[in-house]
Amino acid sequence: MFSSTWEDSIQNILEGSSPVLNILLIGFIFPLLSHFILKLTSKNFSSLDLIKQRNIVTYISELVVTSAALALQIYVGKDILFGPTGNDDETAQSNMENSQQLLFLSLQWISILYMWEFSYKLKFGKPLLWHHILTLLGIQLIIATLHEYPPSSSSPSSRFYLKCALILGFHATFDQSSYAALLLNHFKKSSTWDNVFIAASIDRIIFKAALFLGGAYLYSTALLAGDLVSGDDGEKTNWDKFW
């Protein structure tokens, strides 16, 4: 019933409680602290109406959470895109499993952030609403797919779907300059805001175009190679027609 060591028991508790802890941190503790600190330190913030105050707290949360998620994605990106490192198959397989767990954690952070944003912001534009809905749908679908393709350093299908999950994650996390520009706009830093907004527009066009082209290349090569429609045993899965 219990693990053989205290270390194993603590590890099991942390793994089981991780989603709850992340929800508390991202959806409650961090926004509450941000709002409290801004109230104490910024007269501009206190003078704004509630809608703008919540927008500022939202942009700060998005900036911090997406930066943390992006750091995880960059950390595991090398193993997922180019194959895991390791002196033997067992080490490579272990590295691939760790990479998937960290990638899932980054996607979990994004999902919690977006769900919190739905309940916290008082005004939601339709483009942003559809962006969040479609991103959440894509995350749920790719994670469900990967449950049918366990992480494998030697399986083309498994690596294909991990790459898809990574690209989807990058789509949701390469927006730091936009959040910075929106924060400056709300704090009336007009001259600085202009420059940051222009830079944000340029980098979003470049990064989003690169991610789109990379995703299109990945999908087309996997489709031609047959990696898209067969599992590790060569048989079709429930996801072959969908993707």
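Modeller: Helices here are DSSP runs of H or I with at least four residues, numbered from the N terminus. In this predicted model, Phe124 is placed in the loop between α4 (89-120) and α5 (126-146).

Biologist: Why is Phe124 called partly exposed?

Modeller: The relative accessible area of Phe124 is 24%. Buried would require under 20% and exposed over 50%, so Phe124 falls in the class in between, partly exposed.

Biologist: Which residues does Phe124 touch, leaving aside those up to four places away in sequence?

Modeller: Phe124 touches Glu117, Phe118, Leu129 and His132. As for α3, its residue Asn55 is 69 residues from Phe124 in sequence, with the two C-alpha atoms 9.9 Å apart.

Biologist: Glu117 also pairs with Lys121. What makes this pair a salt bridge?

Modeller: The closest N and O atoms of Glu117 and Lys121 are 4.0 Å apart. The criterion is a Lys or Arg side-chain nitrogen within 4 Å of an Asp or Glu carboxyl oxygen, so the pair qualifies. Both Glu117 and Lys121 are buried.

Biologist: How many salt bridges does the structure hold?

Modeller: The structure holds two. Besides the Glu117 pair, Asp175 is bridged to Lys208, with a closest N to O distance of 3.7 Å. Asp175 lies in the loop between α6 (156-173) and α7, whereas Lys208 belongs to helix α8 (residues 190-225), so this bridge ties together parts 33 residues apart in sequence. Asp175 and Lys208 are both buried.

Biologist: Why are α3 and α7 described as roughly antiparallel?

Modeller: The axes of α3 (residues 50-82) and α7 (residues 176-186) cross at roughly 160° and come within 9 Å. Angles over 145 degrees count as roughly antiparallel, and the two helices are therefore assigned to that class. The crossing of α3 past α7 is left-handed.

Biologist: Which residues of α3 and α7 meet?

Modeller: From α3 the contact includes Ile56, Tyr59, Ile60, Leu63 and Leu70, and from α7 it includes Tyr179, Leu182 and Leu183. By class, the contact between α3 and α7 has eight nonpolar, five polar and two charged residues.

Key:
Residues numbered from 1 in each chain as written. Predicted model: local features only at pLDDT ≥ 70, side-chain atom pairs only at ≥ 80, totals over all residues. Heavy atoms only, no water. Axes fitted to C-alpha atoms, helices over the stretch in contact; angles between N-to-C directions. Parallel < 35°, antiparallel > 145°, perpendicular 65-115°, else oblique. Left-handed = near helix turned anticlockwise from the far one by under 90°. Contact = heavy atoms within 4.5 Å. Nonpolar A, V, L, I, M, F, W, Y, C, P; charged D, E, K, R; others polar. Buried < 20%, exposed > 50% of the residue type's maximum accessible area, 1.4 Å probe, protein only.
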